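The paragraphs below lead through a model chain by chain and helix by helix. Please keep the sequence and the structure in view while reading.

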Amino acid sequence: MPYILCFTVNRFMSPIPLSYYLVVSTLIFFIGMLGVLTRRNVLIILMSIELMLNAANINFIVFSYYLNSLRGQIFVFFVMTVAAAEAAVGLAVIVYLFRNKNTVNDDEFSLMRW
Amino acid sequence: MLLVIIFTIFAAITIISAGMVAFSQNIVYSAFSLLFTFFGIAGLYVLLAADFLAATQLLIYVGGILVLLLFGVMLTHKIQEVNLSNESMRLAPAAIVVLAFLGLLSIAIYRTQWPTVPVPELTPTTARIGTLFMTDYLLPFEIASLVLLTALVGAVFIARGRVKK
Amino acid sequence: MNLNWTAILPEIFITLTALGVLGIDLFYTRYQKDKTLNAIVTLSGMGIAFLLLPFLSAKTQIFTSLFVLDPLAIFFKMVFLISGSMTALISINYLKMEGFDLGEYYGVLLFSILGMMVMASANDFILIYLGLELMTVSFYVLSGFFKTDLRSNEAALKYLILGGFASALFLYGISLLYGVTGSTEISYIAGYLTEQTRTGADSVAGVTSAVLSHPLLSLSLIMLLAGLCFKVAAVPFHMWTPDVYEGAPTSVTAFMSVGPKAAGFVVMLRVLLVALGALEKQWMVILAVISILTMTLGNIVAIAQQNVKRMLAYSSIAHAGYILLGIVASARVLTAGSASVVFYILSYAFMNLGAFTVLLALRKEDKQTGLMVPAMDLEDFSGLSKRDPLTAFLMLIFMFSLTGIPPTAGFVGKFYLFMSAVDANLVWLAVIGVINSAISAYYYLRILVYIYMKEPKVVQSVDNSSSLWVALYVMALATLLIGILPNLLFNVARASVVSLF
């Protein structure tokens, strides 16, 4: 399957300028940033952080392609690992917070200034 | 030309759905838009000769992280409206800051003379990446496994039932 | 690939100990009444790793130069292991009293130390990122460790969200740097940028080359700085600090105010002074502004705090400002500046951990329930000298040291920092630092006023477990010894940074 894909791309397509990809990644990065800064829902904030990480990943892959080195791709693999780890811990905390919140008054929820 | 069209489609999917993730009022829409963002990004990876990572993107992000987030959405649907974010940051000032940054970055990208090296012939990367993990990048690979272990221990500890005092 | 395994022996030991603690807890300690075994295993593992460090040959690079073991890395690993073992010591009885005496605490604590050790040795952004995340993920768990306590939950969640945001900024900065320079390896980036400076200077006099004035390079610098400033709690990225410090378990807060901060600074030294050394004109200005804002805001807001834990959080922000001042100075006076930074970080580790330990040891009677609860407010300290003169005296040492009054470590540390700023022709920066220390005297000495000059208002008790007191004595002695014999340590600090350049 990958071979067929590579063959097709090599044969029929000419590469796209690097800056196109960078524009996409920049847009996604700032959409994510805006999401983190303006949204109030914790889960949406977590999703926006994932967007920002993905934007950085696109950059790594683009540069790795144009620099012809695999270092960027390897970095992306590690970023994915870490993102999964962070999401797991984040979800655990959110679930427990929700559980605790059910047992106490809603009024007392915001104990600390956010 | 064909590539430009494919690129445009993937880029459009990615950007529009990313916008939906961040700005949709319905959290379920956000979560499902994230699916399309991840998918579009995987498409971009294919165009950039990163076949292994495109597959990994789908497996880890869509199969793992997105499912986790969806579980989060379902388990905590009642706390949607709970105010947990930075209240001081209203949309207008945040938008100004972010757009200024965005403009700066876009100008920087356009003014740059990017190296237009002759792009290499595409070859499957999986085997090469695998070799690098077991040789040059062995240490980061092991550390990444410890990150996962820590997250596993921590997440299980935090999420499981109450401890008796 | 050069496989010199001995260079990562301490890391291997810490990993094995962490796995060992988790295993022993699962199969043995969990069923015992006395769970001290977990702490004993943890401490002995850290002790062995610590004793191994001096015997390793410095200046080794392994894993195709991803990992470097130079004197700076060894010094910082010692700082992490010392503060880690102090944290383990003070945690033993605290966890017991709070009902969370579990093996996971020590396992995750060890993993966080491992992350810091990796950061200290990293010569590549891949390893820096992974070490940083290992440390951060561990601290997400640790700060939420008292999971039945809503404050602890919220602290964990807040740290997670803002920490994830900062990591994303940091990562984007790395990706831009990778695009501009073509590598993620610190020594390679340093060489590449220096090369560009030289060729640029040759071609057109006075005009730097295209790469160095590259706007993307500046942007990546700003993003890297943002990520690191978050970790060390410097001003535009300090918002999480007071809430997370207040909500997290006190033993974790104590470690959090020292370990990740030191780890952030060692990465800052490597990234700014080595990798981006050619850009020093740019980052010097940014960092000078951040340093001034950090010191001033930290100190002024600390004055308004009634909660001692929160006050110490703001004080730790202010101390990050002093250390940043040293980094700014090291742009001009490399060795003296960075040596003073390294020296101050160790002194700060002892005095700040000490102050948090006294806070952790002190308990007061809750008027409604009659139970002993952790003391938090200034009022709870009043009259401590009459009830427990020894604890009061130790608090006096730590407060004097944090203020910078001789003969304590804090005084000498600040002296070296400000002197290096003067050497670097940054007298105005040193003056601002001195003014800030004077402001800080107000709230540090206010605690002492409560302790020595007021009558007790609540029923107090001090934790008298031997493990906690061993740690307290060690920290107080170290604070005094460094203050009396600073040259000894300063020579070590100087030797550790010389290898950087």
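In chain B, α1(B) passes α2(B) in a left-handed crossing, a crossing being left-handed if the near helix is turned anticlockwise from the far one by less than a right angle, and right-handed if clockwise. Helices here (H or I, at least four residues) and strands (E, at least two) are DSSP runs, numbered from the N terminus. The model is a predicted one, in which local features need pLDDT of at least 70 and side-chain atom pairs count only at pLDDT 80 or more, whereas totals for chains, interfaces and linings use all residues. Residues are numbered from 1 along each chain as its sequence is written, while chains are lettered from A and ligands numbered from 1 in the order in which they are written.

Two packed helices are described by the angle between their axes and the distance between the axes. For α1(B) and helix α2 (residues 27–47) of chain B, the angle is about 155° and the axes lie 7 Å apart, where axes are lines fitted to C-alpha atoms, for helices over the stretch in contact, and angles run from 0 to 180 degrees between N-to-C directions. α1(B) and α2(B) are therefore roughly antiparallel to each other; angles under 35 degrees count as roughly parallel, over 145 as roughly antiparallel, 65 to 115 as roughly perpendicular and the rest as oblique. The contact draws on residues of α1(B) including Leu3(B), Phe7(B), Thr14(B) and Val21(B), and on residues of α2(B) including Tyr29(B), Phe36(B), Gly40(B) and Leu47(B), two residues being in contact if their C-beta atoms, placed from the backbone, lie within 7 Å. By class, the contact of α1(B) with α2(B) comprises 15 nonpolar, seven polar and no charged residues; Ala, Val, Leu, Ile, Met, Phe, Trp, Tyr, Cys and Pro count as nonpolar, Asp, Glu, Lys and Arg as charged, and the others, Gly among them, as polar.

Chain B as a whole has six helices and zero strands, and buried residues account for 36% of its 165 residues. A residue is buried if 20 or more other C-beta atoms lie within 10 Å of its own, exposed if 12 or fewer, and partly exposed in between. Among contacts in chain B between residues at least 6 apart in sequence, 53% join residues at least 24 apart. Met1(B) lies in the segment before α1 (2–23) of chain B, and because Met1(B) has 8 C-beta neighbours inside 10 Å, it counts as exposed. The C-alpha atoms of Met1(B) and Leu139(B), 138 residues apart along the chain, are separated by 42 Å.

Where chain B meets chain C, 23 residues of chain B are in contact with 31 residues of chain C. The elements that give two or more residues to this side of chain B are α4 (91–111) and α6 (138–159) of chain B, and α6(B) gives the most, with 13 residues. The side of chain B that touches chain C has 15 nonpolar, four polar and four charged residues.

Within chain C, helix α6 (residues 150–181) and helix α8 (residues 215–232) pack at an angle of about 150°, with their axes 7 Å apart, which makes α6(C) roughly antiparallel to α8(C). Their contact includes Phe170(C), Gly173(C) and Leu177(C) of α6(C), together with Leu216(C), Ser220(C) and Phe230(C) of α8(C), and its residues divide into 14 nonpolar, four polar and no charged. Is Leu177(C) buried or exposed? With 26 C-beta neighbours inside 10 Å, Leu177(C) counts as buried, and, not counting residues up to four places away in sequence, Leu177(C) touches Ile189(C) and Ser220(C).

Helix α5 (residues 125–143) of chain C has 19 residues and reaches 26 Å from its first C-alpha to its last, close to the 27 Å expected at 1.5 Å a residue, the expected span being 1.5 Å times one less than the number of residues. Of the 19 residues of α5(C), 19 are buried, so this helix is largely enclosed by the rest of the structure.

Further along chain C, helix α17 (residues 409–423) and helix α18 (residues 427–453) pack at an angle of about 155°, with their axes 7 Å apart. α17(C) passes α18(C) in a left-handed crossing, and the residues of their contact divide into eight nonpolar, two polar and one charged.

Chain A, finally, has four helices and zero strands, and 61% of its 114 residues count as buried.
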